[in-house]
Amino acid sequence: MSFSSISGNKIVLWGDGAQTHGIGVQSGRLQIYANQPLDFISFGTGRSEAFNERMRIINSGADALQLNGGIILRNGTNSLDRGAGAGIWLNRSDNTGVLAFIGTQNK
């Protein structure tokens, strides 16, 4: 597969007329994108109908990246939520709560 040497959307994976999910390029940047702020991009094994999610990149809110729920990287953008301090949050093995935190708490 080869594409023209111009920036923009290259592959649209969900064609609802608005090119909402896909792959694009800009100068020095490969983009994998989702449409809405609450949409996310996930990585894992299996196929779409039987998917084992291992990592999730989140589009908005306090969480920025989740590694199968066990490790959560928070970006600290939700200043109203003390539990959203920027840093690395380590969950218990059964994901019932936070086991440890590395980072800075919001005031």
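Me: How many bridges join strand S8 (residues 87-91) to strand S9 (residues 98-103), and what makes the two a pair?

Reply: There are 5 bridges between S8 and S9, which run antiparallel. Two strands pair if DSSP finds at least two bridges between them, so S8 and S9 pass with 5. Gly87, for instance, stands opposite Gly103 in S9.

A word on what you are looking at: this is a predicted model, in which local features need pLDDT of at least 70 and side-chain atom pairs count only at pLDDT 80 or more, while totals for chains, interfaces and linings use all residues. Residues are numbered from 1 along each chain as its sequence is written, and side-chain values use heavy atoms, leaving out hydrogens and water.

Me: What lies between S8 and S9 in their hairpin?

Reply: The hairpin has 6 residues between its strands, and Asn95 in that turn has a positive phi of about 60°.

Me: How many helices and strands does the chain have?

Reply: The chain has 0 helices and 9 strands, giving the pattern β-β-β-β-β-β-β-β-β along the sequence. Both kinds of element are DSSP runs numbered from the N terminus (helices H or I, at least four residues; strands E, at least two).

Me: Why is Gly70 called partly exposed?

Reply: Gly70 has 23% relative accessibility. Buried means under 20% relative accessible area and exposed over 50%, with partly exposed in between (1.4 Å probe, protein chains only), so Gly70 belongs in the middle class. Across the chain, buried residues make up 20% of the 107 residues.

Me: Where is Gly70, and which residues does Gly70 touch?

Reply: Look in the loop between strand S6 (63-67) and strand S7 (71-74). Leaving aside residues up to four places away in sequence, Gly70 touches Trp89, Leu90, Asn91 and Asn95, where contact means heavy atoms within 4.5 Å. Asn95 is the residue with positive phi in the hairpin turn.
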